[in-house]
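Welcome! Keep the sequence and the 3D view open as you go.

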Amino acid sequence: MALGVLVWASEVILAQANRDASISAPLLKISAFYKFITEDDMLEKITSMQDTLKDMSEQILECTKFIENYAKTKSFLTCYNSALDRLMQDFRDRVARDTRIIVHDIHITARDTNATVHETNVSVHRMLEHLEQRDDIVELNSMMYASGAGLNTSKKCLKGTRTEILDEIADWINNHDDNTPRVYWLSGQAGMGKSAIAHTIAAWVESLGWLGSCFCFARDRQTERRHEKIFTTIARDLAGRDPLLRRELAGVIVGNPSLKSSSDVAQQWEKLIAEPLNGLVAGNVVIVIDALDESGDESTRIQLLEVLASERLKQLPPTVRVFLTSRPSHDICAVLENVPHILARSLEGVDATATRRDIGQYISTKLKEIRSRFDDTEINQLTEMSDGLNPLG
């Protein structure tokens with residue numbers, strides 16, 4: 001509608017301009033006539049034309065009045081011009097407003113489109129990650145795994161016992177000096193509490209998110225040939241705690257599938273554990289191996305012992321620790337003793353007073369579960385009868 005008004009207004013203005021041009025012509029003639037009759041007393045000289053001049057003067061007077069009246073009507077055009085200016089400004093404002101609305105709508109559409117594209121990219125990225133993780137898990141799950149060889153919290157030390165040795169092990173784990181031995185080997189005769197200490201340490205580091213793997217040999221599970229599965233099991237446990245390690249290990253398996261079932265434990269240690277840990281580990285990682293002497297005969301652990309005593313362990317990052325327990329079997333002592341990166345500790349060297357105290361606390365706690373009352377004399381007698389053997393181990 002505004003555009004139609006503008007068209008009509010333009011036609012009016014053009015017509016007015018044409019009328020203005022028509023008025024200017026008689027005005028010029030009147031000016032010329034007035035100049036003629038006033039020039040050199042022309043009107044007095046031409047007395048014979050007085051009647052004619054009178055008629056002409058009357059005509060000129062009428063023309064003058066018409067021009068005067070016409071000039072008065074110019075105020076209408078002036079008013080109309082103001083209205084027209086307002087109309088033009090309204091039109092421009094409407095166009096500007098409509099343009100801003102269109103631009104705003106375009107921005108909103110672009111923003112929504114970008115948001116949709118971003119959400120789509122995120123969804124696709126997550127889907128690809130999920131597929132990659134699934135593929136990685138499939139690859140890793142194809143490796144041998146020793147079921148039932150992990151942490152058993154029911155085997156932990158009784159609360160308040162073995163505090164000295166546990167504190168010592170905790171200090172060793174938290175000491176990140178490059179010269180700190182990477183392996184802590186705790187030995188002792190059967191029944192001295194090695195396994196209880198191993199499971200206590202494993203449970204503690206697991207609560208902190210530091211447990212890489214807990215692998216336990218068992219004399220009654222030797223037919224499962226766990227010694228052939230130790231490093232593939234540890235590798236799978238490590239992959240479960242760290243997505244980057246999982247990705248790395250999956251790539252190793254894809255590139256060398258024979259590692260999944262190889263009898264070469266040295267190569268498995270190097271490719272599945274040492275190299276990935278050296279490149280990706282961040283923070284403390286503790287690997288617990290309990291009851292190495294129960295892996296089988298000496299032939300079942302000779303390669304494993306060689307790996308533990310080799311320079312490969314010394315080259316692990318300073319935040320990686322291997323905690324190992326065993327009886328002081330001849331073959332184990334021959335390989336692990338006097339190795340710089342192995343801290344050897346025997347439970348037989350633990351203060352006897354602390355050992356009797358812990359055994360007495362354990363006996364007292366357990367007997368109170370059976371009968372409501374035992375005196376100290378009876379508990380002390382049972383403690384002496386234990387001959388230093390810890391019933392927790």
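**Exercise 1. A strand and its surroundings**

How many of the 5 residues of β1 are buried, and why can we call this strand largely enclosed by the rest of the structure?

Solution. Before starting, note that this is a predicted model.

Step 1. Apply the cut-off: a residue is buried if its relative accessible area is under 20%.

Step 2. In β1, 5 of the 5 residues are buried, so the strand is largely enclosed by the rest of the structure.

Step 3. Look at the side-chain directions. Val183, Trp185 and Ser187 point one way from β1, while Tyr184 and Leu186 point the other way.

Step 4. Find the partners of β1. It pairs with β4 in the parallel sense over 5 bridges, and leucine 186 stands opposite threonine 325 in β4. Another 5 bridges join β1 to β5 (residues 342-346), and these two strands also run parallel. Here tryptophan 185 stands opposite alanine 344.

**Exercise 2. A serine in the sheet**

Find serine 326 and decide: is serine 326 buried or exposed?

Solution. 

Step 1. Serine 326 belongs to strand β4.

Step 2. Its relative accessible area is 0%, so serine 326 is buried.

Step 3. Check the side chain of serine 326: it makes a polar contact with the side chain of tryptophan 185, at 2.9 Å.

Step 4. List the neighbours. Leaving out residues up to four places away in sequence, serine 326 touches Trp185, Leu186, Ser187, Gly188, Lys194, Leu292, Asp293 and Ile332.

**Exercise 3. The largest nonpolar core**

Which residues of the largest nonpolar core touch the most other members?

Solution. 

Step 1. This core has 44 residues, and Phe231, Ile234, Leu272 and Ile273 touch the most other members.

Step 2. Ask where the core residues come from. β1 (183-187), α6 (230-241), α7 (243-255), α8 (265-280), β3 (285-290), α9 (302-309), β4 (320-326) and α11 (330-336) each supply at least two. The most come from α8, which gives 7 residues.

Step 3. Zoom in on isoleucine 273. Not counting residues up to four places away in sequence, isoleucine 273 touches Phe231, Ile234, Ala235, Leu238 and Gln268.

**Exercise 4. One side of a helix**

Which residues of α9 are buried, and what covers them?

Solution. 

Step 1. Leu304, Leu305, Val307 and Leu308 are buried in α9.

Step 2. These residues cover an arc of only 160° around the axis, so they lie on the same side of α9.

Step 3. Their cover includes α6, α8, α10 (311-314), β4, α11 and β5.

**Exercise 5. Contacts across the sequence**

What separates the C-alpha atoms of threonine 200 and threonine 153?

Solution. 

Step 1. Threonine 200 lies in helix α5 (residues 194-207). With a relative accessible area of 15%, threonine 200 is buried.

Step 2. Threonine 200 and threonine 153 are 47 residues apart along the chain, and their C-alpha atoms are separated by 7.3 Å.

Step 3. Glutamate 294 and phenylalanine 217 are 77 residues apart along the chain, with 5.6 Å between their C-alpha atoms.

Step 4. Turn to the protein chain as a whole. Among contacts between residues at least 6 apart in sequence, 82% join residues at least 24 apart.

Technical notes: Residues numbered from 1 in each chain as written. Predicted model: local features only at pLDDT ≥ 70, side-chain atom pairs only at ≥ 80, totals over all residues. Heavy atoms only, no water. Helix = DSSP H or I, 4+ residues; strand = E, 2+ residues; numbered from the N terminus. Buried < 20%, exposed > 50% of the residue type's maximum accessible area, 1.4 Å probe, protein only. Core = buried A, V, L, I, M, F, W, Y, C linked by side-chain atoms within 4.5 Å. Contact = heavy atoms within 4.5 Å. Pairing = 2+ DSSP bridges. Polar contact = N/O pair within 3.5 Å; in protein donor to acceptor, adjacent residues only side chain to side chain. Arc of directions from axis to C-beta.
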